[in-house]
Amino acid sequence: MPVWHKATQEWVKQGRLIVLGIAQEQHADRCSLYAQWQKFDFPILHDPINLMGAKVVPLMLAIDETGVVRAVGPKLEDFEDTFLNKDFLAGASAPSPAAKPSAPDIDALQKEAKQSNSIEAWRSLGDGLTLWHGPDRLDEAISAYSHSLQIDPTDNLSQFRLGVCFLRRHESESRQPGDFQKAADLWGKALETDPNQYIWRRRIQQYGPRLNKPYPFYDWIRQAQTEVKERGEDPVTIQFPLSGSEIAQPVRKFLADSEKSSSPDPDGLLDRDTTGLIEVEAAVVPSRIRSGKSTRVHIDFLPSESLEAHWNNEAEPLQVWVELPEGWETESLLLEAPQPEEIESTEMRHIDFGILTPEGLEPGLVSITAYALYYVCEGKNGTCQFLRKDIKMQIEIVN
Amino acid sequence: MISWVLLLIFGLFFSETALTAAPSYPPQVGEAHPDFVLTEIDSRQPVSLSQFRGKKVLLINFASW
């Protein structure tokens, strides 16, 4: 991308070319930071639901004045000769640009969906709500895609886009239990019917196990933020914190650390968090795997707002101890989440880790357990306690 | 080729309707690229391909990862 950007800048300045980017990813802010870091100066559009249907990136198309594709994957070396300098109009005058577009009429889309009750109409409604509206209408988008899936449960476009909505809701203040797992499971279902869809595959791998990662995805973010600050600019704010899986380097095997770690509460003597001072939710990405394959567990911890709970950061940080059946492997049995410097805080904390299953497992559901230990306080001047929360996850082993 | 022209005309007449899916993407050389409307990442303003008609366009589908 940066190579093409640099090469085309002069042609753009001369008015001979328009460069238009389409970001095929979930989060606009990350793409915006990337563009800021790389100093991209062309319009970049956001396509979180893969409206275009692109299956791989980068994918470049040279499009002439009338909207006809003249090259797919053009080569930089001969781009000027084979595209810029070519006359595709055959003497006719260049067509006029269309008027600047507006956002779709959601009321009209709703009416069409209810009247026709077709998959396409419900999907269009979902697309309109997802692309053009914020969290306030996310539930309506979820409902629209769900409608199209009621008509055809195998519609993989609706599956993928519904997954995008669930992840968006998970990352918002309106999150509901199970949103992240639903997102991952829907993407998995969509990919099963179109395994060559690499945009969808990457969406899962972004949160998936390190053993199955093609590359680290977002390990560039810290460097980008540093270099943008050094230039005297404020880096684009990343709205939702990245999980470890999104910046972790791929690995080919886990290094065993069971010799070094020991269970902090082997006999289960610590008091349990029975009142839910910390709301805990676990998701497994992907949740259905073959024997011998890996997956990644994501656990979110959020102090309860209704109980006015908050983290006590003067003590040890949040820890998770992973309990695995014989023969299963993980990167580290004892994990910690970083904590801020302030004495108290209420942010969501996240821990994720990979699991490798052994060969030869029978198909079926397997339960994996872990437990978390944390210091949490209740109320403004309330009691602070060191508590344990037992966590259960399920992985489905398939043929 | 004909299917892509029809799709483009459909998009122009029903410009308020979000395009739900390209039947197969990318289009082949010689075929019209379907029009689309998406938001610009910073301004959140709608941008379409057809608003650049009359100019040569390099369209880049990419990701920051």
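C165 of chain A is buried, with a relative accessible area of 0%; buried here means under 20% relative accessible area, exposed over 50%, and partly exposed in between, with a 1.4 Å probe and protein chains only. The sulfur of C165(A) lies 19 Å from the closest cysteine sulfur, that of C31(A), which is too far for a bond. C31(A) is likewise buried, at 0%.

Before I continue, please note that this is a predicted model, in which local features need pLDDT of at least 70 and side-chain atom pairs count only at pLDDT 80 or more, while totals for chains, interfaces and linings use all residues. Residues are numbered from 1 along each chain as its sequence is written, chains are lettered from A in the order in which they are written, and side-chain values use heavy atoms, without hydrogens or water.

Which cysteines does a disulfide join? A disulfide, defined as a pair of cysteine sulfur atoms within 2.5 Å, links C377(A) to C384(A), with an S to S distance of 2.0 Å. The count over all chains is 1 disulfide. The torsion about this S-S bond is about 105 degrees, so the disulfide is right-handed. Of its two partners, C377(A) is buried, at 2%, whereas C384(A) is partly exposed, at 38%.

I turn now to the sheet. Chain A holds an open sheet of 4 strands in the order 5-7-13-10, with antiparallel pairing. Strands (E, at least two residues) and helices (H or I, at least four) are DSSP runs numbered from the N terminus, and two strands pair if DSSP finds at least two bridges between them. Strand 5 (278–285) and strand 10 (329–330) of chain A stand at the edges, each with a single partner strand, so one side of each has no neighbour in the sheet. Strand 7 (residues 294–303) and strand 13 (residues 349–356) of chain A pair in the antiparallel sense over 8 bridges. Within strand 13 of chain A, D352(A) is the residue opposite H298(A).

Finally, the interface. Chain A contributes 76 residues to the contact and chain B contributes 44 residues, contact meaning heavy atoms within 4.5 Å. Together the two chains bury about 5,700 Å², 66% of it on carbon and sulfur atoms; buried area is the accessible area (1.4 Å probe) that two parts lose on being put together, summed over both. Between chain A and chain B the count is 1 salt bridge, that is, a side-chain nitrogen of Lys or Arg within 4 Å of a carboxyl oxygen of Asp or Glu. The side chains of K56(B) and E65(A) form a salt bridge, at 3.6 Å from N to O.
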